[in-house]
Amino acid sequence: MAAVCAFCGAPLGLFGRETLVCGNTSQPVCKECWGNYLDVPDGERVEILLRSGHPADPDKLRQSYEAQQRREKEKRAARMSGLACPRCGGAMLRLGRQTFKLGEETLFFSDLNRLASGSLELELLACEGCGKVEFYLPGEEKAHT
């Protein structure tokens with residue numbers, strides 16, 4: 001069977017053939033589609049292929065895509081804080097912890113002043129809807145529900 005472009009279905013010759021990785025599978029593509037889809041995020045490329053393309057090994061591509069979607073859902077679920085945004089009521093996602101240096105900038109001895117002042121570690125949460133960022137002491141965000 002002659003090779004065809006995974007996106008447009010055009011027949012591929014020996015010299016007009018490129019390869020593009022989509023969902024952990026190599027897909028044969030024409031030069032035009034290679035240029036069009038090279039910068040498209042992998043998940044979006046896979047969706048395009050599954051919806052309207054001519055993928056090589058569609059079952060493997062679908063399984064890879066579904067596994068990636070499950071991993072993304074699990075990661076998102078792990079980041080959920082259980083808090084509602086005080087501004088819009090959207091879900092607040094954990095961004096992790098950040099250490100902030102304390103002390104003020106002065107003309108003289110600013111480095112010494114900041115060294116002596118120490119630091120403060122805070123948990124950052126961001127609203128998924130409006131982008132509002134909240135700071136909490138680590139482990140204290142549950143007290144604000």
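L120 is partly exposed, with a relative accessible area of 35%. This value, like the others that follow, belongs to a predicted model. L120 is placed in strand β5, which spans residues 119-127. Its C-alpha lies 5.6 Å from that of T99, although L120 and T99 are 21 residues apart in sequence.

L120 also belongs to a surface feature. Together with L95, F100, L102, V133, F135 and L137, L120 forms a nonpolar patch on the surface, and these residues have about 580 Å² of accessible area together. The elements that contribute two or more residues to this nonpolar patch are β4 and β6. L102, another member of the patch, is located in the loop between β4 and α4 (110-117). With a relative accessibility of 34%, L102 counts as partly exposed, because that class covers values between 20% and 50%. Membership of a patch requires over 30% relative accessible area, and the value of 35% for L120 and that of 34% for L102 can be read against this cut-off.

The model contains 2 aromatic pairs. In one of them, F7 and Y37 are stacked, with 3.9 Å from centre to centre and 10° between the planes. This pair connects distant parts of the chain: F7 lies in the segment before β1 (17-22), Y37 lies in helix α1 (residues 31-37), and 30 residues separate them. F7 is counted as buried because its relative accessibility is 7%, and the buried class lies under 20%.

In the pair formed by F100 and F135, the ring centres are 5.7 Å apart and the planes stand at 80°, so the arrangement is edge-to-face. Here too the pair links distant parts of the chain, with F100 in strand β4 (residues 91-101) and F135 in strand β6 (residues 133-136), 35 residues apart. F100 is partly exposed at 32% relative accessibility, and F135 is likewise partly exposed, at 45%. Both F100 and F135 are also members of the nonpolar patch described above.

Definitions and conventions: Residues are numbered from 1 along each chain as its sequence is written. This is a predicted model: local features need pLDDT of at least 70, side-chain atom pairs count only at pLDDT 80 or more; totals for chains, interfaces and linings use all residues. Side-chain values use heavy atoms; hydrogens and water are left out. Rings of Phe, Tyr and Trp (its six-membered ring) pair if their centres lie within 6.5 Å; planes under 30 degrees apart count as stacked, over 60 as edge-to-face and the rest as tilted. Helices (H or I, at least four residues) and strands (E, at least two) are DSSP runs, numbered from the N terminus. Buried means under 20% relative accessible area, exposed over 50%, partly exposed in between (1.4 Å probe, protein chains only). Patches are made of residues with over 30% relative accessible area and no salt bridge: like charges are joined within 9 Å, nonpolar side chains (Val, Leu, Ile, Met, Phe, Trp, Tyr) within 5 Å. Accessible areas come from the Shrake-Rupley method with a 1.4 Å probe; for residues, only the protein chains shown count as cover. A salt bridge is a side-chain nitrogen of Lys or Arg within 4 Å of a carboxyl oxygen of Asp or Glu.
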